[in-house]
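Please read the following briefing alongside the sequence and the 3D view.

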Amino acid sequence: MTLRLFNTLTGQLDELSPANGGELRMYACGPTVYDYGHIGNFRTFLQVDVLRRFLKLTGVPVRHVMNITDVDDKIIRNAAELGISIGEYTPKFVDAFFEDLDSLRVERPEFIARATEHIEKMVQLIQRLEAAGAAYKTEDGSWYFRLKSFPEYGKLSKKDLTGIEDGARVDVDEYEKDSARDFALWKAVKPGETSWDTAIGRGRPGWHIECSAMSMEFLGESFDLHAGGEDLMFPHHENEIAQSETATKKPLARHWMHVRFLLVDGKKMSKSDGNYYTLRDLLLKGYKASAVRMALISVPYRHQLNFTFDGLTEATNAIDRLRTFHERVTKAALPTGESEAMQQAAAKARAEYFAALANDLNTADARAPIFDLVRAANTALDKNEFLAGDREAVLATLKDFDAVFDVLEDRDAGPTERAVAWAQADGREVAAELLTRQGLSDGEIDALVAERTQSKKQRNFARADQIRNELAEKGILIEDSKDGVRWKRK
Ligand code: AMP
Ligand code: ZN
């Protein structure tokens, strides 16, 4: 099954497969570690996770590279405000980023590259650009890319960039369309700033050069796919193309994927509007990491996701339904035999699921048949018409679903506990309801639930009730059903 994915460069759905028949070589721009990651950032990282997981599920191995921007204007400004170096400023946010990726069950790329560890490669690339007549040095010792040397500039974002003044320069890392000008490759050292002493002078890299240098280092001069949020299309990706293609005379990436920006309550997320959320903010409000994952991936990457708390509650309920069903199907004592209808329903759901993801990663269309199957199977279970021979087919479909969605297993306690510990160490407020739940690990709960079952068997109902009440106080509910006992955190 081949994935058809929208390609920003060609403006159409193109088949995505490895050019060299081996691994699919992909580069996705990573975080700028100047603060904790917000849900907009994680929406993009999660959609890239959907892509890599679907490729792997369909038998395509991936070689995925992500950079960490640990030197840029914002980092330098924030570190300076605290009176510390960028090397002292960024580690906390790098660690937090990986912790958040783990909470959201985002798979680690095969290679993660930090900008500050690849300065030499950037310098070499700038030298190559100079040799090609596309880079020049200014009086203060900075280096710029000469836009005029790359007539194809603008081919990705399709912006009309005619009338760009030759030699006009922009030196900030991020800028708007109308300031498309010669952009900084290397910025001369300024007092108090971290800098590197290199063959092209003392200074630090501009933002764009790192992705050109590091993608080349790990993936070669031309690779299969480049991804990022839609804001990166211009100028960042346009600049990467200009740098790389001028140096190599080869297309940087054949395929470009851009994730549409997330809105919150219908508006652009902003700290001053009070609609700005980090993952940690949501965990500390008592939402589960799995629900955030589900909410952020369920809207296809090219659609505008409007994040709301209702949406998060819907995701929580949807996961609950799936987990309850999964447990029921796994454990239920079933009549022998196989039902033609259920076999067909499982196969159909599975086929529709794959087809939807192969169609430009349509996660919404992929989810729907799975929930239809759950409904049909639950009805059959209620009527005792779900047979032992159907179990495997239904579980196999759920397994493929979870290879991409990864929400079935209840692993929410860890992220919540981590967030609470972090908030307490950081002096932040934590919802009381989260604090009472502290102190009981999944294993401890399992042990108490087992003790309760044992107590009931031994007709020690006082102890059984005591355990139930104790757990309830900590927000853990026990459910008895004909298929056994399960517990969940409220
Ligand atoms: P940054 O840390 O700002 O460099 O961003 C990391 C990634 O998150 C980039 O791919 C951005 O395009 C993406 N991103 C930032 N804000 C949003 C948003 N509101 N919605 C979706 N993606 C975003
Ligand atoms: Zn980049």
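Does Asp360 count as buried or exposed? At 9% relative accessibility, Asp360 counts as buried, where buried means under 20% relative accessible area, exposed over 50% and partly exposed in between, with a 1.4 Å probe and protein chains only. This is a predicted model, in which local features need pLDDT of at least 70 and side-chain atom pairs count only at pLDDT 80 or more, while totals for chains, interfaces and linings use all residues. Residues are numbered from 1 along each chain as its sequence is written, chains are lettered from A and ligands numbered from 1 in the order in which they are written, and side-chain values use heavy atoms, with hydrogens and water left out.

**The chain as a whole**

- The protein chain comes to 17 helices and 18 strands, both being DSSP runs numbered from the N terminus, with helices (H or I) of at least four residues and strands (E) of at least two.
- Along its principal axes, the C-alpha trace of the protein chain spans about 90 × 50 × 35 Å, and 53% of the 490 residues count as buried.
- Of the contacts (heavy atoms within 4.5 Å) in the protein chain with a separation of 6 or more, 75% are between residues 24 or more positions apart.

- The whole structure holds 39 salt bridges, each a side-chain nitrogen of Lys or Arg within 4 Å of a carboxyl oxygen of Asp or Glu.
- Glu110 forms a salt bridge with Arg52, with the closest N and O atoms 3.0 Å apart; because Glu110 lies in the loop between helix 4 (91-103) and strand 5 (111-114) and Arg52 in helix 1 (residues 39-57), the pair ties together parts that are 58 residues apart in sequence.
- Glu110 is partly exposed at 36% relative accessibility, whereas Arg52 is buried at 1%.
- Arg302 and Asp360 meet through their side chains in a salt bridge of 3.0 Å, N to O, which links the loop between helix 9 (289-298) and strand 16 (306-307) to the loop between helix 11 (340-358) and helix 12 (363-382), 58 residues apart.
- Arg302 is partly exposed, with a relative accessible area of 38%.

- Salt bridges that share partners join Asp49, Arg53, Arg105, Arg293, Asp406, Glu409 and Arg411 into one network.
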